Amino acid sequence: MIFHRLFLLILLVGVCCNVQAQKSLPKNMVNVKGGTFVPLYGSDSIPVKVKTFLMDVYPVTNAEYLAFVNKYPKWRKSAVKKLFADENYLKKWDGDLSLGPNAAKIQNSPVVNVSWFSAKAYCECQGKRLATVEEWEYAALASETKANAANDAKFYQRSIEWYSKPNPAYLPPVKESFRNYYGLHGMIGLVWEWTQNFNSAMVVGESRADVTMDRQLFCGSGSDGAKDVKNYVAFMRYAFRSSLKANYTVANLGFRCAKSI
Amino acid sequence: MKTSTITKVVQLLAIGIYSIGILSSCSSQTTQAEAAQTKETAPAEMPTIMAELTDAPNVPAPITRKHAAKVVVKLEVTEVVKKMADGVDYTFWTFGGSVPGKFIRIRQNDEVEFHLMNHPDSKNPHNIDLHAVSGPGGGAASTFTAPGQETVFSFKALNPGLYVYHCATAPVGMHIANGMYGLILVEPEEGLPKVDKEYYVMQGDFYTKGDFGVPGLQPFDMQKALDENPSYVVFNGSVGALTGDNALTAKVGENVRLFVGNGGPNLISSFHVIGEIFDKVYAEGGSTINENIQTTLVPAGGAAITEFKADVPGNYVLVDHSIFRAFNKGALGMLKVEGNEDKKIYSGQIVQKIYQPEGSTVQEMPKSKAPAVALASNKDMRLELGKTLYAQNCQACHQAEGQGIKGAFPPLAKSDYLNADVNRAIGVVAHGLEGQIKVNGELYNSTMPKLKLSDEEIANVMTYVMNKWGNKGGEITPAQVGKAKANYKH
């Protein structure tokens with residue numbers, strides 16, 4: 001029975017569209033040159049390898065997502081399966097095909113209150129996919145001028161100040177946010193973003209217990225074994241991702257797509 | 001045989017998991033699932049009560065029921081910008097909208113159904129670890145809650161006492177440092193002894209980029225937190241939360257109970273009320289009662305209950321007696337006690353007078369005499385001393401060269417008025433002059449004040465003036481001054 005249900009789920013998610021792979025650099029994507037980096041939970045001896053990949057310059061906007069639900073009715077607010085998105089799905093939208101009275105203010109802002117299922121479907125419909133946690137973190141390590149700003153306290157400060165500020169009433173347009181070394185906008189300081197394997201970090205609800213688990217990935221009682229205890233903002237991203245389930249929709253959680261080469 | 005049993009168990013489990021999955025996928029059915037859970041944990045005869053939650057410094061009313069109950073606690077997490085000190089804002093993460101979080105009051109053996117709601121506007125996931133809970137993470141393992149979600153778990157309050165609760169989401173220290181803590185009181189079955197006033201006071205240390213008092217919205221500073229070097233140490237979430245109009249109050253004769261908590265994250269509090277002795281301290285918030293205590297240690301993540309009778313009126317200052325925190329980082333509160341004085345307990349000030357270590361007969365230290373005034377023994381000395389006196393007393397009006405100011409102050413240089421009668425001039429200096437005079441053909445009608453000069457000094461300054469600026473010269477003696485003063489009284 002359980003397998004049957006899983007199969008159904010794969011069908012529902014997988015069949016949404018059929019797009020041919022494009023060969024030239026797609027519009028509004030940049031090339032993130034591969035390399036290695038040491039995530040916060042690692043030690044110097046275990047850098048993570050990331051292959052060169054393409055990533056959207058901006059997070060997906062409300063206007064873009066509106067075009068998506070126009071084309072794919074099953075992802076509309078009233079039609080979406082509860083299994084794939086909780087009741088706050090597109091909460092701030094007025095209806096299935098309306099952004100509401102503040103449309104002008106939010107059309108170029110990141111779409112939020114979308115589930116992992118819907119984000120994944122969106123990317124697949126564009127012939128893309130969600131970035132992996134490793135890809136996302138690798139790309140987010142870049143400051144304006146450096147691909148790897150891991151030792152740059154000023155760069156961390158930008159994140160810290162964003163994390164410690166409450167959400168604004170209206171998110172700013174994606175183009176207005178911080179542009180990093182790769183030309184990616186808003187990796188830091190705009191919204192949290194869904195990733196493909198968002199809950200693969202072995203973080204349990206009781207975060208302090210994680211450290212006692214014999215696991216490489218943890219996000220626990222702060223910093224035992226963490227590479228750089230000052231980069232506590234990274235802990236927050238891991239903690240945030242770990243608090244999610246795939247059907248959750250959150251008011252400051254958006255997404256962007258990536259693509260393998 | 002064995003294998004088939006295992007297979008059956010697995011099948012049953014699978015069906016179980018499947019059914020839970022179906023239920024949680026639909027909102028209307030989720031409510032039923034919650035209801036079913038409710039039935040399981042609460043026996044039919046146990047009443048269900050919604051917990052009353054209060055903001056500091058208030059606490060919910062004492063529990064009077066004589067039986068256990070099922071208590072539903074609904075606590076909402078919000079992230080809000082609030083005042084840390086005048087002109088200083090901070091983004092506090094809160095249990096219930098302010099720091100410290102809502103006070104929760106339950107009774108031993110109550111069964112608590114705990115709802116943690118994370119506001120949809122929150123930026124971060126949160127959970128709660130209640131030290132009153134026996135179970136994994138004190139509840140944290142069951143309450144990891146993303147923004148816009150709600151989690152529920154229940155626990156039985158096995159041990160009475162005053163307990164801290166706090167957020168334990170990574171990075172744990174930062175969540176606590178942002179104010180995510182509060183107190184839960186588990187009253188013993190027999191209740192706490194009745195008192196007249198109960199208050200909720202909770203200390204916390206805060207780490208901001210800017211030092212104490214630097215204005216603006218201040219971000220959190222991890223380095224200061226790691227160094228355990230707070231910018232602020234405060235009671236109830238901000239500088240001044242318990243002073244001025246926000247001071248705690250009591251009347252003379254009342255018994256006051258303070259539920260004191262310490263959220264930390266780092267510092268241990270030396271809790272003290274200036275001018276009071278705690279009649280009783282429930283040490284560390286537990287069952288041991290210590291008596292007649294001046295300062296009680298409240299560990300980070302710990303608590304204490306202090307009780308004292310307000311004997312006499314006045315302002316009693318609550319401090320962390322690790323004292324620089326009190327006067328330089330904000331850990332100050334106040335209890336205002338009103339009522340009649342009791343002079344036997346405290347007299348107030350009876351005497352205020354000058355203190356003389358040698359006794360009243362000796363008025364001065366042996367070497368404390370003022371230096372003697374220099375006496376002129378000849379004309380040159382008189383001129384020398386007179387020059388200084390002129391500069392100090394005369395020059396502002398009559399000017400450096402004795403030229404005066406036309407129409408206002410008559411000239412002394414080549415002055416016909418002065419040279420015509422030196423003794424009259426001495427009289428003017430000694431007694432002052434008011435009214436119209438004519439000097440060198442000009443009329444002057446102003447006031448010359450009476451100068452406080454001794455005869456010796458007048459002799460010196462007059463000698464100086466008479467020997468300068470074309471005047472007729474000579475030496476004026478103190479004896480001459482004495483005579484002239486008597487003759488020219490105006």
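Which strand of chain B is joined by four bridges to strand 13 (residues 248-251) of chain B?

## Strands

The partner is strand 21 (residues 332-338) of chain B, and the two strands run parallel; strands here are DSSP runs of E with at least two residues, helices are runs of H or I with at least four, and both are numbered from the N terminus. Two strands pair if DSSP finds at least two bridges between them. Within strand 21 of chain B, Glu338(B) is the bridge partner of Lys251(B).

Strand 21 of chain B is also joined by six bridges to strand 20 (residues 314-320) of chain B, and these two run antiparallel, with Val317(B) standing opposite Met334(B).

## Basis of the model

This is a predicted model, in which local features need pLDDT of at least 70 and side-chain atom pairs count only at pLDDT 80 or more, while totals for chains, interfaces and linings use all residues. Residues are numbered from 1 along each chain as its sequence is written, chains are lettered from A and ligands numbered from 1 in the order in which they are written, and side-chain values use heavy atoms, with hydrogens and water left out.

## Helix 6 of chain B

In helix 6 (residues 379-393) of chain B, the residues Arg382(B), Gly386(B), Leu389(B) and Tyr390(B) are buried, that is, under 20% relative accessible area, whereas exposed means over 50% and partly exposed in between (1.4 Å probe, protein chains only). Seen down the axis of helix 6 of chain B, these buried residues fall within an arc of 105°, so they line one face of the helix; the arc is that of the directions from the helix axis to the C-beta atoms. The face turned away from the buried side carries the exposed residues Asp380(B), Glu384(B) and Gln392(B).

Conventions: Expected span 1.5 Å × (residues − 1).
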